[in-house]
Number of protein chains: 2
Amino acid sequence: MSSKLAKGAIYLIPNTLGGESTQDILPQEVMQIATQLRVFAVEEIKSARRLLRKMDRNFPIDECTFRVVNKNTKEAELMDLLLFLIKGVDIGVISEAGCPGVADPGAALVHLAHTQNIQIKPLVGPSSILLALMGSGFNGQQFTFHGYLPKERKERVKKLRDFEMDTKRNGTTHLFMDTPFRNMNVLEDLLNELGDLTELCIASNLTLPTQSIRTMAVVDWREKAYDLSKIPVIFAIGKGQ
Amino acid sequence: MSSKLAKGAIYLIPNTLGGESTQDILPQEVMQIATQLRVFAVEEIKSARRLLRKMDRNFPIDECTFRVVNKNTKEAELMDLLLFLIKGVDIGVISEAGCPGVADPGAALVHLAHTQNIQIKPLVGPSSILLALMGSGFNGQQFTFHGYLPKERKERVKKLRDFEMDTKRNGTTHLFMDTPFRNMNVLEDLLNELGDLTELCIASNLTLPTQSIRTMAVVDWREKAYDLSKIPVIFAIGKGQ
């Protein structure tokens, strides 16, 4: 078996959550590491290139290899990327937004790489889930992220009620999201189906100039008119510690 | 009621996870914002001062107000901090390590501030939970962080088995931690009580030069001798997506 050091490493490179400058939102080290890499496994080539160009205007995009990794990627394609690593080439993983591997493809490549003893190096950057949790004021010692909610209303409402019940009993914070065009359906269900005093946090446009993070009881949210139909939102049900 | 803009905001300032330089691990913007503040709610004054001095050698520590916020802080003290905000003074919240409000005090102040419509601004920085999740290769669409495990062995083992069962059934990733001096007890329980093929990720010394993130089946972990007794560790049970 070849030594560990001879193999390449996987660098998990966080992307911005919108149009903000990389200088503001990413640590210097992330930009230094990312712009030294030449092989990338990316969720979408266009946004990955844009990120690299934002990090360094003169980044040599044309000298790089980009492979798309998404939910349709077959294992043979991942094996192909693994070969780069085994030969000693480092790979950068870049998502469309936020941290690779969290509510996002990229985890499959990492999972496979562990079987070959490849070093994994997650880098620090924005995660809307974590920012929403921090900003909510809810219990951060015990929390669950549920990803996308069920599309079907009955199932969705059942889930939301389960979250509410678990928060009441155990104090767990429940975070979830949906595609922007279903945000208003989710909000409607939350306001119609949850108890008046259940606390709800709505965190939208995180890290953007239009960012908003509000925690209020459901009864107070009902008084507000919000348009969440076209913006990225993280919802949370929880309570203070 | 005074207008929103007249009130101060709460900035949640991530701390480093160890001795690394702030330049490497924190975005430029975080340091710019933090060093303009003069009132801080901190988990521990010493580590907060150290962080601010690392951000700016000439930071005027002596012109600043530091208030300790931890699990013993009474509501009257939080109300006192709220007064600063209502009067239009911004407050920075700093934990001993990582992101304020996540497995950490500070959430209580944020929770109270929401009742007064105070703006909350979580800033981007290192979270050992998120870095471990990214690095594990496990399901990031559905995960739970459980904080510290029960001290009592029987209860702890029951929890670990519950996590294992839920991962098998629902694919959820379960992340947890303990104080360094109990890490070896946790590891022992994991290796003795979980199934051979259950996958376990051990992420230690995150962001430090000695960082290690490994995902393997329990049967393979049993072959390894690891000393986790004095280092920060995040454990995860999960599976690939």
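How are helix 7 of chain A and helix 8 of chain A oriented to each other: oblique, roughly parallel or roughly perpendicular? In this predicted model, helix 7 (residues 153-170) of chain A packs against helix 8 (residues 183-193) of chain A at an angle of about 55°, and their axes lie 10 Å apart. Angles from 65 to 115 degrees count as roughly perpendicular and those under 35 degrees as roughly parallel, and the two helices of chain A are therefore oblique to each other.

**The helix pair in each chain**

Helix 7 of chain A passes helix 8 of chain A in a right-handed crossing. On the side of helix 7 of chain A, the contact involves Arg153(A), Arg156(A), Val157(A), Leu160(A) and Arg161(A), which meet Asp189(A), Leu190(A) and Glu193(A) in helix 8 of chain A. By class, the residues of this contact comprise 3 nonpolar, no polar and 5 charged.

In chain B, the axes of helix 7 (residues 153-170) and helix 8 (residues 183-193) come within 10 Å and cross at roughly 55°, and these two helices of chain B are therefore oblique to each other. The crossing of helix 7 of chain B and helix 8 of chain B is right-handed. Here Arg153(B), Arg156(B), Val157(B), Leu160(B) and Arg161(B) of helix 7 of chain B make the contact with Asp189(B), Leu190(B) and Glu193(B) of helix 8 of chain B; this contact has 3 nonpolar, no polar and 5 charged residues.

**Strand pairing**

| Strand | Partner | Sense | Bridges |
|---|---|---|---|
| Strand 6 of chain A | Strand 7 (residues 173-177) of chain A | parallel | 4 bridges |
| Strand 2 (residues 39-42) of chain B | Strand 4 (residues 91-94) of chain B | parallel | 3 bridges |
| Strand 6 (residues 143-148) of chain A | Strand 6 of chain B | antiparallel | 3 bridges |

Within chain A, strand 6 runs parallel to strand 7, and Phe145(A) stands opposite Leu175(A) in strand 7 of chain A.

Chain B holds an open sheet of 5 strands in the order 3-2-4-1-5, with parallel pairing. Strand 3 (65-68) and strand 5 of chain B are its edge strands, each pairing on one side only, and neighbouring strands of the sheet are turned against each other by 20° on average, direction ignored. Helix 4 (residues 75-86) of chain B packs on this sheet, where it touches strand 1 (9-13), strand 2, strand 3 and strand 4 of chain B, and the direction of helix 4 makes about 140° with that of strand 4 of chain B.

**Where the chains meet**

In all, 47 residues of chain B are in contact with 47 residues of chain A. The elements of chain B that each supply at least two residues to its side of this contact include helix 2 (28-34), helix 5 (107-114), helix 6 (128-136) and strand 6 (143-148). That side of chain B divides into 24 nonpolar, 19 polar and 4 charged residues. Strand 6 of chain A and strand 6 of chain B pair in the antiparallel sense, with Thr144(A) standing opposite Thr144(B).

Note on methods: Residues numbered from 1 in each chain as written. Chains lettered and ligands numbered in written order. Predicted model: local features only at pLDDT ≥ 70, side-chain atom pairs only at ≥ 80, totals over all residues. Contact = placed C-beta atoms within 7 Å. Nonpolar A, V, L, I, M, F, W, Y, C, P; charged D, E, K, R; others polar. Pairing = 2+ DSSP bridges. Axes fitted to C-alpha atoms, helices over the stretch in contact; angles between N-to-C directions. Parallel < 35°, antiparallel > 145°, perpendicular 65-115°, else oblique. Left-handed = near helix turned anticlockwise from the far one by under 90°.
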